[in-house]
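Here is a short note for a colleague who is new to this structure. Please read it with the model open beside you.

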Amino acid sequence: MPQPAAQALADFETQGWRRLDPRMLAVHLVQEPIRFLPVLLGIFILGSANDHQNSWWEYAALPAILAFAVLRYLTTSYRISGGQIELRKGLLTKQVIATPADRVRTVDVTSPPIHRILGLAKVELGTAGAGKERITLDSLRVDDARHLREELIHLRNVTVPDVPPSGEPYAIDAPTRQPVDAEATETTLLKLDPRWVRYAPVTMTGIVSALALFGFLNQFLTRILERGVVSDAVDKIDEYSWWLDGLVLFLVLVALVTALAMIGYVLQFWRFTLTRHSGGTLHVTRGLLTTRESSIEEKRIRGLEVGEPLGLRLFRGGRMHVVTTGLSKKEDRRGTAWLVPPAPRAVVERVASAVLDDQEALDAPLTQHGPAALRRRWVRAIVPPVLFVLLFLGATLLWHWPVVFLIASVTPLLVAPWLARDRYAGLGHHLTPTHLVVRSGSFVRRRDVLQRTGIIGWTVSSSWFQRRVGLTHLIATTAAGKQSYTAYDIDEGQAVALAHQVDPELVGQFLVPRELPSDGHAG
């Protein structure tokens, strides 16, 4: 007669439930104390201030946290059966998360440093309509994690048992799926060239990475500055004129930001590789300390975002994101949508052509938005700097502010004409048989290529000032990417005609004949 515990284990296994890798306990030994670090610090600070020394709860805090990690391991299990994947977790509050395997849109396989040391990986599944709760399996063996990704993304028709012996494939009982050729191959579309790191300092991503690294290293830099040699060098700066001090400080900041931005680029994009699987997916691998592998179904792709921020444009560079369904905002922030990191423009264009298969949408001349849009760009570029100058002029005359402030306030006005022309040059749209193209921006210019069949709605938005000059924002709504893509400051009649051309059945029911131009052409 089996014991109750043995019987429970047997039932657990026969029902197809599987636990995560036992080595996850070592991961939690590192992660959990860090997660509860504020609590631990509070306990020890309170204990040190208490007159009663050696309180038992001071020494029980860490073992309690470690026990929590063990319970988390024992109460977490998953299985793939009946065409769906299920995750069961929780001790006091039980949770069972289940989703059909064929609704999985993206699979991220991530290996932070502690996972890489132990040969483990974390699998995160992005599903259609998953909401805030995502299925995360932390931790699996790297080979098991990659095989699971193959099963869920490439949808192979596997007929092995639900609980396979060690090393055999997982079962996904889904008879409606089409099997994939056993000799499936991958074609490399892009590999990172280390020379591309030169683009890091001229991108906003690089600057943000530099600031993040600076914040992390700030405490170490403070200690260095307190040392005698550096401190003496800083004191000597006071012996020189203010303009020389300013120049030195500027050069030091530029060198520091450049170095940190390049380090951030390497950490994020090292060994970046984009491949196309014959099963119909794009696969991205990247990262130095933390490696990340992301897979996206090509049939879910609804377009591309080709970015050309000002810094990259000056150095003939660009970057590219994919517009796809089933990708949450959290995944987008973590870089799952990256298809090309900051790289030469020719590389971005080549990869975009391979992914999109619509060359006209990528390089066709765009229709500009007319003189009213141009005047609006000039007004918005000139008026704020003029008001700024008048404000400092009044302060100089009334309160005797230094004249140098007034001179400095003129600087934005000198840049305004260039900004107005560049912002207008960035405006435009184009329509191909399969895609809608919109472009906008100056400091952050972006060409959005959106699949026409992926557009599910339209929004026409006009401010009071726009209505005075007959302009509007035409917003295409989609279930992919950023969910909305805008043609800015377009003529009202042109906007209606453009939306009608893309989806005549949807837009036509809201129109009367006089609202549509006689030729029905959107330009």
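**Notes on the model**

1. Start with the surface. About 1200 Å² of nonpolar patch is made by V379, V383, V386, L387, L390, L393, L397, L398, W399, W401, V404 and F405. Keep in mind throughout that this is a predicted model.

2. Which elements supply the patch? Helices α14 (370–399) and α15 (403–409) each supply at least two of its residues. The most comes from α14, with nine residues. One of the patch members, L387, lies in α14. L387 has a relative accessible area of 54%. That is over 50%, so L387 counts as exposed.

3. H400 is found in the loop between α14 and α15. Its phi is positive, about 60 degrees, although H400 is not a glycine. H400 is exposed, at 66% relative accessible area.

4. W401 belongs to the nonpolar patch and also takes part in a ring pair. The ring centres of F392 and W401 are 5.8 Å apart. Their planes are at 70 degrees, so the pair is edge-to-face. Are the two partners buried or exposed? F392 counts as buried, at 16% relative accessibility. W401 is partly exposed, at 38%.

5. How many aromatic pairs does the structure hold? There are eight. One of them joins F269 and F272, with centres 6.1 Å apart and 65 degrees between the planes. This pair is edge-to-face. F269 is buried, with a relative accessible area of 1%. F272 is buried too, with a value of 0%. Ring pairs also build a cluster here: Y265, F269, F272 and W338 are its members.

6. Two arginines have a charged end over a tryptophan ring. For R88, the ring is that of W17, and the charged end sits 4.1 Å from the ring centre. For R468, the ring is that of W464, and the distance to the centre is 4.8 Å.

7. The largest nonpolar core has 38 residues. Which of them touch the most other members? They are L274, M320 and L339. Elements giving two or more residues to this core include the strands β8 (186–191), β10 (281–286), β12 (301–309), β13 (317–324) and β14 (338–344). Helix α12 gives the most, with six residues.

8. How many salt bridges does the structure hold? The count is 16. In one of them, the side chains of D489 and R376 meet at 3.0 Å, N to O. D489 lies in strand β20 and R376 in helix α14, so this pair ties together parts that are 113 residues apart in sequence. Both ends are buried: D489 has 0% relative accessibility, and R376 has a relative accessible area of 16%.

9. Two other salt bridges deserve a look. D448 and R446 meet at 2.6 Å, N to O. D448 counts as buried, at 5% relative accessibility. R446 counts as partly exposed, at 27%. The side chains of D193 and R195 meet at 2.7 Å, N to O. R195 counts as exposed, at 60% relative accessibility.

10. Salt bridges also form a network. Its linked residues are R146, R149, E150 and E293.

11. Finally, check two backbone details. The peptide bond from D138 to S139 is cis, with omega near 25 degrees. S139 is found in strand β7 (residues 135–141). The other detail is Q483, a residue other than glycine with a positive phi, near 70 degrees. Where is Q483 found? Its place is the loop between β19 (471–478) and β20 (484–491). Q483 counts as partly exposed, at 31% relative accessibility.

Technical notes:
Residues are numbered from 1 along each chain as its sequence is written. This is a predicted model: local features need pLDDT of at least 70, side-chain atom pairs count only at pLDDT 80 or more; totals for chains, interfaces and linings use all residues. Side-chain values use heavy atoms; hydrogens and water are left out. Rings of Phe, Tyr and Trp (its six-membered ring) pair if their centres lie within 6.5 Å; planes under 30 degrees apart count as stacked, over 60 as edge-to-face and the rest as tilted. Buried means under 20% relative accessible area, exposed over 50%, partly exposed in between (1.4 Å probe, protein chains only). A charge sits over a ring if NZ of Lys or CZ of Arg is within 6 Å of the ring centre and within 35 degrees of the ring normal. Patches are made of residues with over 30% relative accessible area and no salt bridge: like charges are joined within 9 Å, nonpolar side chains (Val, Leu, Ile, Met, Phe, Trp, Tyr) within 5 Å. Accessible areas come from the Shrake-Rupley method with a 1.4 Å probe; for residues, only the protein chains shown count as cover. A salt bridge is a side-chain nitrogen of Lys or Arg within 4 Å of a carboxyl oxygen of Asp or Glu. Helices (H or I, at least four residues) and strands (E, at least two) are DSSP runs, numbered from the N terminus. A nonpolar core is a set of buried Ala, Val, Leu, Ile, Met, Phe, Trp, Tyr and Cys residues joined through side-chain atoms within 4.5 Å.
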